Amino acid sequence: MEILILVTGGTFDKEYNELTGELYFKDTHVEEMLSLGRNLVPFISQTLMMKDSLNMTDEDRRIIANHCKQVKQNHIIITHGTDTMVETAVYLSKEVRAKTIVLTGAMIPYKFGSSDGLFNLGSALALVQTLKEGIYIAMNGRYFHPANVRKNKEDGVFEELI
């Protein structure tokens with residue numbers, strides 16, 4: 001089973017400019033992260049876009065959904081910014097069938113060293129291989145269904161709706 005990892009940006013892949021103090025995108029860190037984690041699962045990664053999820057549009061979501069539908073892989077991980085990850089997951093759940101898709105991201109950029117990104121990516125890699133067909137979010141060592149999750153901005157975690 002070959003896993004497809006689609007990169008869309010988000011905090012996961014942001015870099016820090018020490019001169020300006022701003023966060024920006026350069027390249028994805030996915031392959032470096034999987035190498036550090038000693039991953040043995042076959043995968044390919046493709047960068048679809050490098051966007052802060054607050055700037056993600058329905059047109060971007062359409063591009064992601066169409067790509068998921070057109071690829072041969074049935075097991076897909078999407079790296080995504082956490083602010084609108086739920087909206088994208090809900091959109092995909094209405095558009096994509098017969099695939100197992102796991103969205104994941106990070107609250108802290110990978111390059112900061114204290115990021116949750118490596119853990120979340122590893123969790124997504126395990127979950128995409130074991131969950132049945134559907135759309136899921138993997139954060140904080142848990143998985144969630146798109147219609148029953150929210151980002152708790154105060155605590156910096158994802159949690160089920162009550």
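Me: At what angle do helix α2 and helix α3 pack, and how far apart are their axes?
Reply: This is a predicted model. Helix α2 (residues 58-70) packs against helix α3 (residues 85-95) at about 45 degrees. Their axes are 10 Å apart.

Me: Why is α2 called oblique to α3?
Reply: Angles under 35 degrees count as roughly parallel, and 65 to 115 as roughly perpendicular. The angle here is about 45 degrees, so α2 is oblique to α3. The crossing is right-handed.

Me: Which residues make the contact?
Reply: From α2 come Asp58, Arg61, Arg62, Ile64, Ala65 and Lys69. From α3 come Glu87, Thr88, Tyr91, Leu92 and Glu95. By class, the residues of this contact are four nonpolar, one polar and six charged.

Me: How many aromatic pairs does a search of the whole structure find?
Reply: One. Tyr136 pairs with Tyr143, 5.7 Å centre to centre.

Me: What makes that aromatic pair of Tyr136 and Tyr143 edge-to-face?
Reply: The planes are 80 degrees apart.

Me: Why does Tyr136 count as buried?
Reply: Buried means under 20% relative accessible area. Tyr136 has 3%, so Tyr136 is buried. Tyr143, at 38%, counts as partly exposed.

Me: How do you know whether Gly156 is buried or partly exposed?
Reply: Its relative accessibility is 27%. The buried class stops under 20% and the exposed class starts over 50%, so Gly156 is partly exposed. Gly156 sits in the loop between β9 (149-152) and β10 (157-160). Leaving aside residues up to four places away in sequence, Gly156 touches Met107 and Asn140.

How values were computed:
Residues are numbered from 1 along each chain as its sequence is written. This is a predicted model: local features need pLDDT of at least 70, side-chain atom pairs count only at pLDDT 80 or more; totals for chains, interfaces and linings use all residues. Side-chain values use heavy atoms; hydrogens and water are left out. Axes are lines fitted to C-alpha atoms, for helices over the stretch in contact, and angles run from 0 to 180 degrees between N-to-C directions. Helices (H or I, at least four residues) and strands (E, at least two) are DSSP runs, numbered from the N terminus. Angles under 35 degrees count as roughly parallel, over 145 as roughly antiparallel, 65 to 115 as roughly perpendicular and the rest as oblique. A crossing is left-handed if the near helix is turned anticlockwise from the far one by less than a right angle, and right-handed if clockwise. Contact means heavy atoms within 4.5 Å. Ala, Val, Leu, Ile, Met, Phe, Trp, Tyr, Cys and Pro count as nonpolar, Asp, Glu, Lys and Arg as charged, and the others, Gly among them, as polar. Rings of Phe, Tyr and Trp (its six-membered ring) pair if their centres lie within 6.5 Å; planes under 30 degrees apart count as stacked, over 60 as edge-to-face and the rest as tilted. Buried means under 20% relative accessible area, exposed over 50%, partly exposed in between (1.4 Å probe, protein chains only).
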